[in-house]
Every structure is written in structure tokens, then in C-alpha cells.
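Here are a few exercises to work through with the model open beside you. Try each task before you read the solution that follows.

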Amino acid sequence: MATHSLIPAGEYKTSYAADTTIFPTVTSRNAAILALILVACAPLVFDRYILSLMIQIGYLSIAALGLNILVGFTGQISIGHAAFFGFGAFSSAWLNNVHGIPVFFAIPLAGLMTTAAGLIFGLPAARLKGLYLAIATLAAQYILQDFFARASWFSGGVAGTVAYPFSIFGYAFDTDARYFYVVLSYMVLCFVLATNLMRSRDGRALVAVRDHYLSAEMMGINLTKYRTLSFGISAFFAGIGGALYAHYLQFVSVEGFTILFSIQFLGMIIIGGLGSIMGTILGTIFMVLLPEAMEWLTSSLAGGAIDRALSLKNNISYLREMAIGAVIVLFLMFEPDGLAHRWKQIKAYWKLYPFAH
Amino acid sequence: MAGLLEIRNVSLRFGGVRALSNVSLAVGKGELFSVIGPNGAGKTSLVNCISGRYRPTEGHVVYKGQDITRRPPADRARIGIGRTFQNLALFQHMSVLDNIMVGRHHLLANNFITGSLYWLTGARAEELTHRRRVEEIIDFLDLQPVRKAQAGTLSYGLRKRVELARAMAIEPELILLDEPMAGMNLEEKEDMARYIVDLNEEFGMTVIMIEHDMGVVMDISSRVAVLDFGKKIAEGVPGEVMANAHVRAAYLGEVDPVLADPDDVPLAEAGA
């Protein structure tokens, strides 16, 4: 049956414990560990530019994971995610600058502060659905953005605020090669937490609320509680991502957290795959690397035959923006289930090769 | 027979439409109680009143001596009421296993924090303990081949069975089955009837069932109530109910001496 996961012959589960692991087989678990080790070697191999892209993927994917729990798993909608990301960034800087809490503790605390903000703005979610909820979250976006600009005691106002680098026992993680490991650790931690959440009681309840809220209620699931809770959880990951961003750039300014950024987060999870933890990473990689790839493509066009024929000259940068838009549209048309789905199909193809079924 | 559920003078109105008028019923512990009646008679409305989806306009629903009329639907699982739905209401994108595990929601203790920490907080141990109970239900309902399949991809009959499994996982004392056999073939119906009888006799659950298949209803029910136009027109053991004149009228379209409108004089008399 097509719905079964493809597990190699001879892979038998003899206990329920063996049947509830994160990775279905020992091989897949080892492959993941190997991949993690390879990624951890990146600072030894790659230059600063590539490392900065990887760090970006790290903190953005943590925030996108939060949004995927909200949108993909719980079936809510939010177009204010960037505001929570920003709230986390400012909170962490504020805790460190004003209260002197070490960055090491400020990052998780910023996550908790953002959770509180998320719970407050998530309250309408208990009553609203779909487009109505989208508009309500738009309020969160603008209220928080306005708050950042005005509350200079918190965010430094329009001038922004500095955020000191992450350090443990006086050892500062102030270069890309060092900060890479901070982000990587947080990424592993957050993704493991989210995976565990989704395979335990409350994670299932969130999916139940998405799939059929009437019968979820009959199973004893309090809809109001879980709809609001999912906003809290989503804001937590956004806050952690934001805090990591703040201590990476070491400066936070109000302009960064616009609705455009919120929509970019939505783009990441839609392209990656709604309701897929793995898809969140794939989608983030896609959204971060796409502009880079398009930049490379368009700049290699510069001065070439096409450039001369169309006399593009300075307009070549617009070509890049248009190409990004076109790729996303095409992607949604031909791969509506996201990269996670494609990834599964590729795995299935190789597992069954050379037999089609 | 100790009264487990009592419905006292329940009426339900939607604007001008009377879905239920003054219905009273008592279901004893261990009964297999069926509710029958033509389409639109108010059977599902009645079940929705019991399960808390609708709040009766008038009257009370009393469960184990407690008035539960105004308690929210999410409380029902905890006090021991489970139900299935007429139109499939599975969590389509979850596996069969997870669907059934959701039924155990109120029996599990871990929250989103302890759940996320999984190995450290006993969430894993809890999952495994309850998995064992879920596997027993899977065994009972013969769902082993599809336990990992996505619920939305199963055939109709199987989905109905998964829904029964999910309601069983609640471990209810009272289980409400809304047309458990609709749209099934003969073989599937026979299986389902056997499961329902076992549910009642082996697992000791009190069953309230809405069903259109008269053969099944008369064979397995201990008592039957008949609704028509939101009114209870008969109640009793299957034999009595089948012999009842109102029931025959409701099902066969004969003029009913009780429900007939006095103004609605037959044509022959009107002409005279």
C-alpha cells in the first residue's frame, strides 16, 4: 500500500520501543548522525561567506519550525511571525544589556518572553479561523513593530540596540566559525524537542485539532487551550531564532521585522512542506539559497550575449527578483506538497529501483 | 437496571425548526439501546445533545446522577462518554495508530513540555504503556495490517472501524454510535454487529446506537426508541416496537392516529 513507509525487508520491530524511534531504521539514524558530523566540520572547510549562509539557515529554520507547528501541524494561520522573531531578538539584547543576564541564559529567556507575547496575541485564535485569524495576526505584526519603534527602553527605539556576542566562561563566540556551533547546537536541540512534541500527547492533540476539531473535542481536547498553546509554542521557537539572530549580527534594528519577512517565513514552510519537521529545514535552505543561486545566474549573464541582445545593463538585478518570484510560483504549481514530499518520493524511487512498484 | 443516562424533557430548537420536542429517555447500565427513525427525525440531534455538541433549548441530560447539560464537549471523554460520527470524522493525515492514541488523550498525563523532553520525563514510558492498550484494541478490531497507514487513505468500512477503535480507546462507560453500519456491505455489517455486541457484553460498555438497518437493530438491541419529527413515538423491547402502530406509520407511511394533525382531514371526508 502506498501509504506505508518503505522499510527494507528484514527490518523487524520486536518491541513497541523500537517502533517509536525518531528514525525508522538504524541505517537512517546513522545516516543522520553522519550528516550532522559532516555539517559540524563545515567551519574547517568553507569560507566565511558560506558559513554565514549556513548560520542564517540555522536561525531561520528554528523560527520557521515554530511557524510550521502553528500553521502546518495545528492548521492555524499567522502573518505576524517576523514580529515574534523580532521580539525574541530585542528581548535577548534587552535582558543582556539592561539586566546584565549573560547571553547564554538570555537566549532561552528571550524564548520564554516571546512565548508570553505569543500567548497574548494567540488569544483571538481561540475564536477566529482562517482569513479572520490571518487579519488578527496582522494586528500582532503591526502592534509589535510599532512597539519596537517606540519603546526605546526596550528596543533602543529607531536607533536600534547592540547585542553582545555569545560567550561561555569568557570565551566569546564572535566569529562565524565559532558562532556556527552555537546555532548548530540550538538547531539540533529545537528540532529534537519539536520531534518529541509531535510524537507525544500534546503534539497529537495539535494535529487532531487541525484535522477534525469536532471529533478532537470529543476526545477530550480543549480546543481553546490547544489553539492558544500552539501560538505560544510557535512564538517560543520564533523567539529563540530571533535571539540567535541578534547575537550573530550583534545589532538589532527595527526595520528588519516587516510583514514581508513574515511572508518569507510562510514561504519557507509552504515550500518545505506543511506539517513536516524535515520539510522546515529543506524549505529554509531553499529560501536562503534561491536568491544566492539567482544572483549567481544573473551575474553570469552580465556582459553575455543575452545581456547585449536585450540591452539589460542595470536592469539585470530586476531579473533576479523576477526569477525568484517565478521559481516560487512554479514550485507551488508543480510541487504543492513541498520538498518533504519530493524527498520521500526520491527515497521510494531508490528503494524500489529497478522495479517501479 | 441502574439508570446510567437520563434524558429529561429535552427540546432543541434552531430558530423556528424544532429538532427535538420534549424527548425523555432512560438508558440503564449495560444496555444496548438503539434509536431509530426516518431521516431528519432528530436522532443525531439527540446524540449531539448527549455528547455536548448541542445544548438543548429545554430539558436536562443527566449522566450518573450528574446534570451534564451545560458541560463542554471536551469534558465528555473524562466522565466516560465516547462517540463515533455519522460522517467519517477521523484525523485524516494521522496514522491509524495515532488516531487511536488521540482517543487516550484524557488518560495521558504528559504536557507539551514533558512531551518535548520525552526521554527525561517519562513521556516515553507513558507512550509505550498506552501503546500496549491501543494494540489490544487493534487486535480486537483486526486493524493490524493498517496500523501504520494514513487514516484518510483507507476504505470506507475500515475507516468506520478505526473510528470505533478511537472511541473505544477513550475507555468509555457509555459509547454513542451514530450509524456505525451506514454504507457497508453485508459482510462488513456482520463484522460490525459482532464488534458492537462484544463491546457491550465483553467490555461492559453501555451502547447507544443510531442505525437504519432494521435487521441488525432488532437482532442485537436490548431496547429500542423510535423518533419521528423530533418526538419520541415509541420505546420498548424490539418486538414491542415493531408491533407498534405509530412505528409502522412512520416507516410505512400509514396515517398515524397520534401524530396526525386534526385539521388535516382526509380528502374523502372533506368532500362529504
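## Exercise 1: A helix pair across the two chains

In this predicted model, α9(A) and α3(B) are roughly perpendicular to each other. Task: find the angle and the distance between the axes of α9(A) and α3(B), and say which residues meet.

Solution. 
- Step 1. Start with the geometry: helix α9 (residues 201-211) of chain A packs on α3(B) at an angle of about 100°, and the axes lie 10 Å apart.
- Step 2. Now pick out the residues: α9(A) brings Arg204(A), Ala205(A) and Ala208(A), which meet Asp98(B), Met101(B) and Val102(B) of α3(B).
- Step 3. Sort them by class, and this contact has four nonpolar, no polar and two charged residues.

## Exercise 2: The surroundings of α3(B)

Task: decide how many residues of α3(B) are buried, and what the buried residues pack against.

Solution. 
- Step 1. Count along the helix: eight of the eight residues of α3(B) are buried, so the helix is mostly covered, taking 20 or more other C-beta atoms within 10 Å as the cut-off for buried.
- Step 2. Among the buried residues are Asp98(B), Met101(B) and Val102(B), and these three also meet α9(A).
- Step 3. Look at the partners: the buried residues of α3(B) pack against α9 of chain A, and also against α5 and α6 (156-169) of chain B.
- Step 4. For context, 44% of the 272 residues of chain B count as buried.

## Exercise 3: A helix pair within chain A

Task: describe how α3(A) and α12(A) pack.

Solution. 
- Step 1. Helix α3 (residues 48-73) and helix α12 (residues 259-272) of chain A pack at an angle of about 70°, their axes 9 Å apart.
- Step 2. That angle makes α3(A) roughly perpendicular to α12(A).
- Step 3. The residues of α3(A) in the contact include Ala63(A), Leu67(A) and Val71(A), while those of α12(A) include Phe265(A) and Ile269(A).
- Step 4. The contact divides into eight nonpolar, two polar and no charged residues.

## Exercise 4: Domains and confidence in chain B

Task: locate the domains of chain B and the stretch where pLDDT is below 50.

Solution. 
- Step 1. Chain B is divided into domain 1 (1-80 + 172-272) and domain 2 (91-171), with 29 Å between their centres.
- Step 2. Nine residues of domain 1 and 10 residues of domain 2 make the contact.
- Step 3. Chain B averages a pLDDT of 88, but over residues 266-272 of chain B the pLDDT is below 50.
- Step 4. Where pLDDT is low, the predicted coordinates should not be read in detail.

Definitions and conventions
Residues are numbered from 1 along each chain as its sequence is written. Chains are lettered from A and ligands numbered from 1 in the order in which they are written. This is a predicted model: local features need pLDDT of at least 70, side-chain atom pairs count only at pLDDT 80 or more; totals for chains, interfaces and linings use all residues. Axes are lines fitted to C-alpha atoms, for helices over the stretch in contact, and angles run from 0 to 180 degrees between N-to-C directions. Helices (H or I, at least four residues) and strands (E, at least two) are DSSP runs, numbered from the N terminus. Angles under 35 degrees count as roughly parallel, over 145 as roughly antiparallel, 65 to 115 as roughly perpendicular and the rest as oblique. Two residues are in contact if their C-beta atoms, placed from the backbone, lie within 7 Å. Ala, Val, Leu, Ile, Met, Phe, Trp, Tyr, Cys and Pro count as nonpolar, Asp, Glu, Lys and Arg as charged, and the others, Gly among them, as polar. Domain bounds come from an automatic or database domain assignment. pLDDT is the predictor's confidence in each residue, from 0 to 100. A residue is buried if 20 or more other C-beta atoms lie within 10 Å of its own, exposed if 12 or fewer, and partly exposed in between; C-beta atoms are placed from the backbone.
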